[in-house]
Amino acid sequence: MRWQTGRRSTNVQDRRRIGGRGMAGLGGGAILIVALIAIVTGTDPTEVLQQIAPTSEVLSSGDFTEAEQELADFSSVVLADTEDTWRALFERMGGTYEEPTLVLYSGAVQSACGFAQSAMGPFYCASDQTVYLDLSFFEDLRSRFGAPGDFAQAYVIAHEVGHHVQYLLGIMDQVEEARRGATEEEANEISVRLELQADFLAGVWAHHAQEARLILEEGDIDEALNAASQIGDDRLQMESQGYVVPDAFTHGTAAQRARWFLRGYKTGDISQGDTFNAASL
């Protein structure tokens with residue numbers, strides 16, 4: 001992916017310094033105090049830490065390796081590219097694109113959707129319109145899931161931004177309404193259709209970003225398709241438990257995820273991504 005000359009987004013919050021590394025500089029008792037203050041006040045533990053920890057421990061620019069900082073720069077550029085793409089597409093639809101925030105964190109983070117750990121993977125929280133990303137997930141993507149490459153990483157970010165697009169279009173509200181009163185099996189199917197649409201929207205972004213800025217290099221789309229396949233529910237279930245339970249799927253199969261991303265990339269047409277009324281996924 002040609003990203004090095006791209007602009008950096010101004011909507012990135014880097015909380016890595018006040019996450020795992022910031023906590024590492026404190027004793028166990030101090031960490032407990034931070035947690036208690038956060039619980040009592042209902043604030044982000046990292047914000048409390050930022051106030052009580054020495055600035056030199058929290059904000060040292062030497063905390064990160066060159067490779068770690070490059071991943072942060074890369075993520076900022078990808079976010080900026082999604083901003084440019086979706087702003088233009090919303091204008092064509094007669095709307096205004098409200099840019100999301102990207103929070104980079106290390107280990108664990110407090111979001112408006114609750115406390116989260118990096119083991120959960122990247123996620124979007126509609127309550128604060130923010131994408132949360134522990135950059136260590138990209139190493140997991142490469143080593144654990146067998147999906148290396150910078151465009152595989154870009155796909156992950158674009159998928160989460162796709163959820164933000166769904167939020168702006170009112171789709172997430174409709175989904176929450178549909179889930180109320182649904183059985184667990186029905187709720188899972190709704191989740192699958194929501195996630196597959198986010199894959200489709202990631203493909204739409206790739207289509208228009210390539211058309212406008214020629215960001216793609218040879219093999220990039222294959223990297224994204226491989227990433228989408230490797231994190232399909234069927235493959236993840238087989239890896240973790242040795243068998244597959246389709247009724248428990250929440251994100252879609254490997255084939256479905258790759259198919260909807262590719263459909264978005266090939267068409268670039270947001271109207272082609274109605275996964276909720278598609279007879280076949």
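L214 is found in the loop between helix 9 and helix 10 (220-230), where helices (H or I, at least four residues) and strands (E, at least two) are DSSP runs, numbered from the N terminus. The phi angle of L214 is near 50°, a positive value in a residue other than glycine. L214 counts as exposed because its relative accessibility is 54%; here exposed means over 50% relative accessible area, buried means under 20%, and partly exposed lies in between (1.4 Å probe, protein chains only). A word on what you are looking at: this is a predicted model, in which local features need pLDDT of at least 70, side-chain atom pairs count only at pLDDT 80 or more, and totals for chains, interfaces and linings use all residues. Residues are numbered from 1 along each chain as its sequence is written, and side-chain values use heavy atoms, with hydrogens and water left out.

You will find Q129 in the loop between strand 5 (123-125) and strand 6 (130-134). With a relative accessible area of 21%, Q129 is partly exposed.

Side chains of opposite charge can pair when their charged atoms come close. A salt bridge is defined as a side-chain nitrogen of Lys or Arg within 4 Å of a carboxyl oxygen of Asp or Glu, and a search of the whole structure finds 12 of them. One of these joins R213 to D81, with the closest N and O atoms 2.8 Å apart. R213 lies in helix 9 (residues 184-213) and D81 in helix 5 (residues 66-92), so this pair ties together parts that are 132 residues apart in sequence. Are the two partners buried or exposed? R213 counts as partly exposed, at 33% relative accessibility, while D81 counts as buried, at 9%.

E189 is partly exposed, with a relative accessible area of 42%, whereas R193 is buried, at 13%.

Elsewhere, salt bridges link R7, E83, D84, R87 and E99 in a network.

Which residues form a patch of negative charge on the surface? They are E184, E185, E186 and D247. A patch is made of residues with over 30% relative accessible area and no salt bridge, with like charges joined within 9 Å and nonpolar side chains (Val, Leu, Ile, Met, Phe, Trp, Tyr) within 5 Å. D247 sits in the loop between helix 11 (233-241) and helix 12 (254-267). At 45% relative accessibility, D247 counts as partly exposed.

Let us finish with some buried residues. H164 lies in helix 7 (residues 150-168) and counts as buried, because its relative accessibility is 0%. The side chain of H164 makes a polar contact of 2.8 Å with the side chain of Y124. A polar contact is a pair of N or O atoms within 3.5 Å; within protein, one must be able to donate a hydrogen and the other to accept it, and residues adjacent in sequence count only if both atoms are side-chain atoms.

L141 has its place in helix 6 (residues 136-143) and is buried, with a relative accessible area of 1%. Along the chain, L141 and I231 are 90 residues apart, and their C-alpha atoms are separated by 8.8 Å. In strand 2 (residues 101-105) you can pick out L102, which counts as buried at 1% relative accessibility. L102 and Y132 are 30 residues apart in sequence, with 6.0 Å between them in space, C-alpha to C-alpha.

Methods. Areas by Shrake-Rupley, 256 points an atom, 1.4 Å probe, with all protein chains shown as cover. Lys, Arg positive; Asp, Glu negative; His and termini not counted. Charge placed at Lys NZ, Arg CZ, Asp CG, Glu CD.
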